[in-house]
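Please look at the model shown here and follow its parts one at a time, beginning with a pair of helices, going on to a sheet and ending with a single residue.

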Amino acid sequence: MIALFRILALYFLLTAPIASWAQDLKIMTVTREPFSMQERGDETGFSMDLWNEVAEDLGWSYDIIRVDSFSEMLDAVSSGEADAAVANISITSSRETIMDFSQPIFESGLQIMASAEGGNVSIWNAVLSLDLLLAIAAAFAILFGGGMLMWHFERRYQEYFDLTARDAMFPAFWWALNLVVNGGFEERQPRSPMGRVFGVFMVISSLFVVSIFVARITAVLTVDAIQSQVTNIGDLYGKTIGTVENSTAADFLDRRDLNFVDYPNPTELIEAFEQKEIDVVVFDAPILAYYAANDGKGKARVVGNLFVPENYGIALQSGSQLAEPINQSLLRLREDGTYDAIHRKWFGSSN
């Protein structure tokens, strides 16, 4: 009987700290759709729904404190001001040195988001490019010069060219243009010896002019298409990249020597993308996919494969006694299908 009493006393001593802390836990979070957000005053999102199930399973009560930045959320946990943080928190070695994590609650990684229009190249983009505009101007100059030279040879031999230099400008240009496009006018064949020689030269050279002009358009379109396509990390060089400051994506871009613009939060990052201040976004794949499928539908596309795989977890104080019961609860939620149901609710498929 005494042995039984000692066992019970030891049990209560071991569990008392957890029970007392778990009566009114202070949980930090930050808005990260679709993991943590507020809808009509309710806390919702994949991570928030999962945490609610964990707390209910363990009989814990808690208060949610929503802050503006990721760093503020994590600092509150590492300093001991909060018991845990729940959002899309990547488990990294640097963070493990100052806090603990639950077992992974979501498998993620980084991905690239580009404009939905990025893969479509318009011929007008090519025509309005500086290189092609210069080529068009040169072609007009050649046609005008060739037409006026033919006027000089033919003005005394046929009525069509029997005009003053001022009056002959457009007819001469029109004659040269038709020569290049249609092979010339049958009734307006050159009659002067020099006009005939120059006419033959114009007909032969026009074949090369047209070929060069078509090749130039094709080259501009091809280069434009290549430059506008973003399909992998290698295509990021030369692009204006945006991400969230102090994120794992920012760390990755730093390691790859990729210049980027960092924003305080995903909301400002997405606004910059929508305003075309940046070409591409590099950030957490599920957040980009959620935006592209909802608010960004038709405006954005997630491209390339997942890179820098990472796991999300619940951040806890270093040495927290909440870790073990949380991990046990997460295992139960996976085993009874609750986790899969939450995953399907937010992502359309089980993990």
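Predicted model: local features only at pLDDT ≥ 70, side-chain atom pairs only at ≥ 80, totals over all residues.

On the α2 side the residues in contact are Leu50, Trp51, Glu53, Val54, Asp57 and Leu58, and they meet Pro325, Ile326, Ser329, Leu330, Arg332 and Leu333 of α12. Sorted by class, this contact between α2 and α12 has eight nonpolar residues, one polar residue and three charged residues.

Turning to the strands, five of them form an open sheet in the order β4-β1-β5-β12-β6, and their pairing is mixed. At the edges lie β4 (62–67) and β6 (100–101), each of which pairs on one side only. Strand β1 (residues 25–30) pairs with β4 in the parallel sense over six bridges, and within this part of the sheet lysine 26 stands opposite aspartate 63 in β4. Helix α3 (residues 70–78) packs on the sheet, where it touches β1, β4, β5 (84–85) and β12 (315–316), and its direction makes about 160° with that of β1.

The last stop is valine 280, which is found in strand β10 (residues 280–284). Is this valine 280 buried or exposed? Valine 280 counts as buried because its relative accessibility is 1%, and buried means under 20%. Among the residues that valine 280 touches are Ile112, Met113, Leu236 and Val230; valine 230 is 50 residues apart from valine 280 in sequence, and 8.4 Å apart in space, C-alpha to C-alpha.

Conventions
Residues numbered from 1 in each chain as written. Heavy atoms only, no water. Pairing = 2+ DSSP bridges. Helix = DSSP H or I, 4+ residues; strand = E, 2+ residues; numbered from the N terminus. Contact = heavy atoms within 4.5 Å. Axes fitted to C-alpha atoms, helices over the stretch in contact; angles between N-to-C directions. Nonpolar A, V, L, I, M, F, W, Y, C, P; charged D, E, K, R; others polar. Buried < 20%, exposed > 50% of the residue type's maximum accessible area, 1.4 Å probe, protein only. Lists of a residue's contacts leave out its neighbours within four places in sequence.
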